[in-house]
Amino acid sequence: MTLRYSGITHFTGDPDSGKTIAMLQVTHPSKIAFFHDDVKVPPVKPTDFGLFVDLVQEAKGRKLLELRQFILDKLYTLKTGKFEAIIFDTWARFGLSLR
């Protein structure tokens, strides 16, 4: 698949409104870096994603700014062109760390 445009698209909506499912219709899970920070299970197996980062587990024992640095380190190591999408499900905790 050749992307015509590059950049950031931000999906937002009510909980359980289908945002992640919509993205899975656009690109294959193996082309997604998925940052999971939600209590519910993702719609596909974690091993199906190109990268699956379990922020629920990674957050245990970390302060918010330590978690933010962990996430930023993961983002900085993503290889250009390997992923077509980065999904944060949910963005809430990471967003708080950026204020």
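What share of the contacts in the protein chain with a separation of 6 or more comes from residues 24 or more positions apart? Some notes on that and on a few side chains follow.

1. On the opening question, the share is 47%, with contact meaning heavy atoms within 4.5 Å. Bear in mind that this is a predicted model, where local features need pLDDT of at least 70, side-chain atom pairs count only at pLDDT 80 or more, and totals for chains, interfaces and linings use all residues. Numbering starts from 1 along each chain as its sequence is written, and side-chain values use heavy atoms, leaving out hydrogens and water.

2. Overall layout: the protein chain has 4 helices and 3 strands, in the order α-β-β-α-α-β-α from the N terminus. These are DSSP runs numbered from the N terminus (helices: H or I, at least four residues; strands: E, at least two).

3. As for dimensions, the C-alpha trace spans about 40 × 30 × 25 Å along its principal axes. The radius of gyration of the protein chain is 13 Å, which agrees with the value near 13 Å for a compact globule with 99 residues; it is taken over C-alpha atoms, and the globule rule is 2.2 Å times the number of residues to the power 0.38. Of the 99 residues, 30% count as buried (buried is under 20% relative accessible area, exposed over 50%, partly exposed in between; 1.4 Å probe, protein chains only).

4. Have a look at Asp37, in the loop between β1 (32-36) and β2 (51-54). Asp37 is buried, at a relative accessible area of 10%. Leaving aside residues up to four places away in sequence, Asp37 touches Leu55, Val56, Asp89, Thr90 and Arg93.

5. Asp37 and Arg93 are 56 residues apart along the chain, yet their C-alpha atoms are separated by 8.0 Å. Their side chains are joined by a polar contact of 2.4 Å (a pair of N or O atoms within 3.5 Å; within protein, one must be able to donate a hydrogen and the other to accept it, and residues adjacent in sequence count only if both atoms are side-chain atoms).

6. Now the aromatics: the whole structure holds 7 aromatic pairs (rings of Phe, Tyr and Trp, its six-membered ring, with centres within 6.5 Å; planes under 30 degrees apart are stacked, over 60 edge-to-face, the rest tilted). Phe88 and Phe94 are stacked, because their ring centres are 5.3 Å apart and their planes at 5°. Trp91 and Phe94 make an edge-to-face pair, with centres 5.0 Å apart and planes at 85°.

7. Phe35, Phe88, Trp91 and Phe94 form one aromatic cluster. Within it, Phe94 is buried at 5% and Phe88 is buried at 18%, while Trp91 is partly exposed at 42% relative accessibility.
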